[in-house]
Amino acid sequence: MKMIEAIIQPNKLEDVKEALYGIGVEAITVSEVRGHGRQKGHTETYRGSEYTVDLLPKIKIEAVVADSRAEQIVGVLSTAARTGQIGDGKIFVFAVEEAVRIRNDERGETAL
Amino acid sequence: MSTPNTETSRSQPLGKVLLSRAVLVLAACILASLLPCMAQVAPKPDPAGIATGDKTTVVDAGGNSFTVAEPTDKTAPDYAQKKKDFDDFQAQAAKEPLAMKLADSTGHIRVATNFAWTLNTGYLVLFMQAGFALLTCGLVRKKNAAHLMMLNFAAYVFAFIAYYAVGYAFQFGAVAVNAAPSNLGGTPTLNHFLFGSGLWGFLGGKGFFMTGPAYDAGSNCFALFEVVFMETAGYIIVGAICERITFWSFLVCELFIGAILYPVFGCWVWGGGWMSQLGNTMGLGHGYVDFAGSTVVHAVGGFCAMALSVILGPRLGKYGADGKPRAFPAHNIVYVVIGTFVLLFGWMGFNPGSTLGATDLRISVVAINTNLAAISGSATAMLFWYLKFGKPDITMACNGMLAGLVAITAPCAFVNPTSAFIIGILAGLVVCLGVLFNDNVTKIDDPCGAISVHGFCGILGGICVGLFADGTYGQGWNGVGATSYLGQAGKGVTGLFYGDSKQFLVQVMGAVICAAWAFGATFVVFKTVNAVKSMRVSKQAEQEGLDVPEFGIQGYPEDAVYTTEY
């Protein structure tokens with residue numbers, strides 16, 4: 001099993017969700033998060049004084065999927081979340097040791 | 001070396017002495033207000049409102065009285081003529097008793113119309129309180145939202161108590177002497193100066209606790225309208241001292257404004273006091289003129305706020321190690337904009353209402369002037385920021401509208417719409433430069449721009465009367481030029497651009513006195529208070545936000561994590 005963690009622009013969430021549902025991904029977890037990458041936010045002026053907005057709002061999507069499907073899903077997700085601008089985000093893939101369905105104690109890929 | 005014990009035992013009697021002195025002064029004030037009215041027979045207050053408004057309050061469109069008063073000064077050169085006019089009127093009245101009866105009801109209806117106007121515009125001004133609460137709450141950080149709402153709320157309550165007890169009497173206790181509100185029946189019972197007399201009055205002395213001579217329908221109508229004006233000065237300070245002041249010291253500030261700071265200057269200008277009479281005593285135009293309170297209300301509040309902000313010092317982190325100001329962005333722009341619109345709406349009571357009567361048809365000009373200054377002030381601030389910083393700042397656009405409103409408040413009745421538009425532009429520039437000046441040069445921390453909006457633009461408004469007043473309105477203002485002024489019949493208050501340099505002189509002088517009084521008196525009193533006990537919250541409370549340390553609840557409680565015990 002693989003955990004796919006994607007940090008994306010908040011306004012791309014709908015596109016990404018549609019794309020994932022389109023290829024049969026059924027279980028995702030979405031959180032509102034804040035952070036910055038290499039660019040470190042941007043500066044604005046308020047009443048004549050400058051301030052830096054460095055922790056920008058982002059969306060984090062987590063999905064645990066079968067090993068065989070990971071590569072395809074990462075590809076679809078990356079395409080759907082892309083605007084081509086700085087700040088589009090990142091995708092990380094980890095190995096997952098175990099999955100448990102709490103309702104009936106099913107284990108492994110069947111629990112996904 | 002003194003131990004903590006001796007400290008407390010020393011401060012205890014001092015507190016008692018101060019308290020007993022305050023009680024003595026208060027008792028003296030009440031006695032002083034009661035004694036003269038016991039000595040004099042007339043006039044009597046009219047609590048039921050059935051004797052207010054009769055044939056003597058009937059006037060034509062030009063303000064000429066229907067009745068002719070009996071001349072009292074037999075040595076006056078025109079005594080013979082006046083006596084003849086009076087006798088003719090008496091003869092005519094005896095022939096037409098029905099006309100006299102009709103005149104009595106016409107006079108009553110005229111006063112009633114003006115009561116309705118004054119009370120309803122007063123309610124509009126009251127609602128500005130809600131606008132200011134929204135505006136200032138939106139402009140601060142989320143962690144201080146409850147603190148801001150409580151300050152705005154407590155300002156209304158505590159300043160009202162002070163004004164009810166002594167403020168109203170100090171301001172208007174002698175209003176009938178030189179500035180009787182004739183549209184409301186004249187309030188003849190408020191006729192005694194506590195300090196000064198005649199044309200040199202310094203403090204009113206009747207109507208403490210709104211009892212006795214102030215228990216009168218006309219006086220109460222007037223008091224409702226005037227107390228909400230005082231409240232405006234009361235809440236202005238919130239914008240400059242928020243996010244760091246303790247609640248107890250804020251209450252002391254409000255009591256001070258409602259009892260002393262506002263009523264004293266208000267008496268000088270609106271209560272028939274010495275500044276309003278400078279036209280009669282020193283030949284300075286129509287005396288100091290402020291139609292609806294650019295200086296009397298706004299600059300008093302603004303410069304009081306400035307003194308308090310200097311005493312409190314800037315918020316933690318406002319200035320970095322390099323001395324550069326840092327931005328603490330507004331947490332709710334929606335509140336800021338809605339609050340500003342509520343204030344604009346309330347201002348339609350503030351300025352047109354200050355005629356104290358709908359029978360004064362200048363109200364339509366006042367309403368248009370007020371709006372024109374508001375929009376030109378806002379447009380100026382928007383464009384200024386757009387050109388200087390690349391983006392128009394929404395909070396500054398709102399400040400610009402309020403700046404225009406503050407600056408037009410004094411001249412609104414005396415200028416034409418073109419001048420009103422220009423005054424708004426000037427105010428928009430003053431508020432933008434004022435905010436940048438305070439942030440970068442004086443380093444006086446003013447979270448909501450109250451000092452620039454109400455202080456600087458208030459002074460601008462006072463001076464603008466002396467520049468732009470076009471002489472079409474205000475004939476006989478402050479008892480000057482009742483028949484003719486500057487050699488012209490019907491000429492009213494006139495500014496420098498229309499040929500009266502003395503009016504300009506007295507306006508500049510009055511505006512400077514206003515700023516000096518409001519800043520000076522506040523600074524002396526609260527520097528002392530702050531030396532006795534710090535008026536500022538602890539560093540920890542300020543970092544956490546004042547909501548929980550000061551009031552035990554967050555403005556947005558869902559931000560807190562609760563543990564509920566079942």
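This is a predicted model: local features need pLDDT of at least 70, side-chain atom pairs count only at pLDDT 80 or more; totals for chains, interfaces and linings use all residues.

Trainee: What makes S1(B) and S2(B) a pair?

Mentor: The criterion is at least two bridges found by DSSP between the strands. S1(B) and S2(B) have four bridges, so the term pair applies under that criterion. One of the bridges joins B:Ser197 to B:Trp200 in S2(B).

Trainee: Which residue in the hairpin of S1(B) and S2(B) takes a positive phi?

Mentor: B:Gly198 does, with a value near 60 degrees, and the hairpin has two residues between its strands.

Trainee: Turning to chain A, what is the strand order of the open sheet?

Mentor: The four strands run in the order S2-S5-S1-S6, with antiparallel pairing.

Trainee: Why are strand S2 (29-35) and strand S6 (89-95) of chain A called edge strands?

Mentor: Each of these strands pairs on one side only. On average, and ignoring direction, neighbouring strands of the sheet are turned by 20 degrees against each other.

Trainee: How do you know that S1(A) and S6(A) pair?

Mentor: They share seven bridges in the antiparallel sense, and the requirement is at least two, so they pair. A:Lys2, for instance, has A:Ala95 in S6(A) as its bridge partner. Helix H2 (residues 70-81) of chain A packs on this sheet, where it touches S1, strand S5 (56-65) and S6; the direction of H2 makes about 5 degrees with that of S1(A).

Trainee: Why is A:Gln9 called partly exposed?

Mentor: A:Gln9 has 19 other C-beta atoms within 10 Å. Buried requires 20 or more and exposed requires 12 or fewer, so a count in between is called partly exposed. A:Gln9 lies in the loop between strand S1 (2-8) and helix H1 (13-22) of chain A. Beyond its sequence neighbours within four places, A:Gln9 is in contact with A:Thr83, A:Gly87, A:Asp88 and A:Gly89. The C-alpha atoms of A:Gln9 and A:Gln85 are separated by 10 Å, although the two residues are 76 apart along the chain.

Trainee: What makes B:Leu356 buried?

Mentor: Its count is 21 other C-beta atoms within 10 Å, and the threshold for buried is 20 or more, so the label follows. B:Leu356 is in the loop between helix H11 (333-350) and helix H12 (363-389) of chain B. Leaving aside neighbours within four places in sequence, its contacts are B:Asn114, B:Thr118, B:Pro181, B:Asn183 and B:Leu184. B:Met382, 26 residues away along the chain, has its C-alpha atom 34 Å from that of B:Leu356.

Trainee: How do you know that B:Gln277 counts as buried?

Mentor: B:Gln277 has 24 C-beta neighbours inside 10 Å; as buried means 20 or more, B:Gln277 qualifies. This residue sits in the loop between H8 and helix H9 (278-282) of chain B. Apart from neighbours within four places in sequence, B:Gln277 is in contact with B:Asn178, B:Leu199, B:Gly287 and B:Asn478.

Trainee: Which residues have the most contacts inside the largest nonpolar core?

Mentor: They are B:Val300, B:Leu308, B:Ala407 and B:Ala427, in a core of 158 residues. Helix H4 (residues 145-172) of chain B gives the most to this core, 15 residues. A second, separate core has 11 residues, among them A:Ala6, A:Leu20, A:Val65 and A:Ala81.

Trainee: How does helix H8 (residues 247-269) of chain B pack against helix H16 (residues 501-532) of chain B, and what is the angle?

Mentor: The angle is about 145 degrees, and the axes are 11 Å apart. The crossing is right-handed. Among the residues that meet are B:Phe256 in H8(B) and B:Trp517 in H16(B). By class, this contact has 10 nonpolar, two polar and no charged residues.

Trainee: Finally, how many residues does each chain give to the contact between the chains?

Mentor: Chain B gives 11 residues and chain A gives seven residues. On the side of chain B that touches chain A, H14(B) has the largest share, three residues. That side divides into seven nonpolar, one polar and three charged residues.

Methods: Residues are numbered from 1 along each chain as its sequence is written. Chains are lettered from A and ligands numbered from 1 in the order in which they are written. Two residues are in contact if their C-beta atoms, placed from the backbone, lie within 7 Å. Ala, Val, Leu, Ile, Met, Phe, Trp, Tyr, Cys and Pro count as nonpolar, Asp, Glu, Lys and Arg as charged, and the others, Gly among them, as polar. A nonpolar core is a set of buried Ala, Val, Leu, Ile, Met, Phe, Trp, Tyr and Cys residues joined through C-beta atoms within 7 Å. Axes are lines fitted to C-alpha atoms, for helices over the stretch in contact, and angles run from 0 to 180 degrees between N-to-C directions. A crossing is left-handed if the near helix is turned anticlockwise from the far one by less than a right angle, and right-handed if clockwise.
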